[in-house]
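Have the viewer open as you read.

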Amino acid sequence: MVEEKVKLQESKEHPLDGFLREGRIPHIFCPGCSLGSITNILLEAILESEYDPKDVAVVSGIGCTGRIAGYLNFDSFHTTHGRAIPFSIGLSVTDPNRKVIVISGDGDLFAIGGNHIIHAARRNANLTVICVNNFNYGMTGGQAGPTTYPGQVQTTTPYGSQEQPFNIPDLMASCGAAYVARWTALDVRRVKEAFSEAIAKNGFSFVEVLGSCPTTFGRRNQLAEGKKILEFFRENTVLNHNADTRDVSISHDSPIIVGRFIDRDERPTLTENLLKIQRMSQAKK
Ligand code: SF4
């Protein structure tokens, strides 16, 4: 074992190298961004899951988080803005044995893609959706988005946002998601556990990961280093599994509640319902 580890260090290879598209590296992530470690956690969770990597597809939309799918050496798809979910539903219903994982940002999934995600949860589409929430549109320069909380300064909210953000876990829970969790990028082991549980779930599973974006969120909000954002998470999060999702909104003046909020009995998935309709239609002929 020790010899193997020494060999690995000497070879300078990382055990996950084979699962990255070398030609796409170097990546675009800024120093201090949590997207690199979240990519690593996702890879580990997939490789430890019951699925053969050949039977996994990773889909993302546009934005910094949206770049992740393109870096992974799976069947992966970097789709148009806000359209990761409809693309994934197509994949999932036409290839029911495939595990389809969506990873994208808060702006992509809950602004332009908002209509798609609520209906995917309502219909119990067989998807695992991971939303990395960095509270702003990072890639386009730091505009306020649907998760920007009151008082947060962004390029479009120089006096602090005055709007109510989405309470994402509650939105997903009320739409019928089978699994809903929220963790921060600091909670590496918890994030991995949540990814594994979400991947194992049949039906619509959802994980929100609060990520560090020092470049466009942090520097306007006195958190200009990735480390400072992680320290902020450490000092301002409270663990409460099974919290009532109505109580987990994020604001600047109360602790952020993290945990596994929803893990409920599975109802028929969209794919199962479509197959049922197919059988009914064939029986009628
Ligand atoms: Fe990460 Fe923010 Fe840089 Fe995007 S802009 S790569 S989210 S730190």
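A residue counts as near a molecule or strand if one of its heavy atoms lies within 4 Å of it. By that rule, F29, C30, C33, C64, N134, G138, C213, P214 and T215 surround the ligand. Sorted by class, this shell has six nonpolar, three polar and no charged residues (nonpolar: Ala, Val, Leu, Ile, Met, Phe, Trp, Tyr, Cys and Pro; charged: Asp, Glu, Lys and Arg; polar: the others, Gly among them).

A word on the source: this is a predicted model, where local features need pLDDT of at least 70 and side-chain atom pairs count only at pLDDT 80 or more, while totals for chains, interfaces and linings use all residues. Residues are numbered from 1 along each chain as its sequence is written, and side-chain values use heavy atoms, with hydrogens and water left out.

Now the helices and a strand (DSSP runs numbered from the N terminus: helices are H or I, at least four residues; strands are E, at least two):

| Element | Residues |
|---|---|
| Helix 4 | 84-94 |
| Helix 10 | 270-284 |
| Strand 8 | 256-263 |

P268 sits in the loop between strand 8 and helix 10. P268 and R123 are 145 residues apart in sequence, yet 8.8 Å apart in space, C-alpha to C-alpha.

Note on methods: Buried < 20%, exposed > 50% of the residue type's maximum accessible area, 1.4 Å probe, protein only. Axes fitted to C-alpha atoms, helices over the stretch in contact; angles between N-to-C directions.
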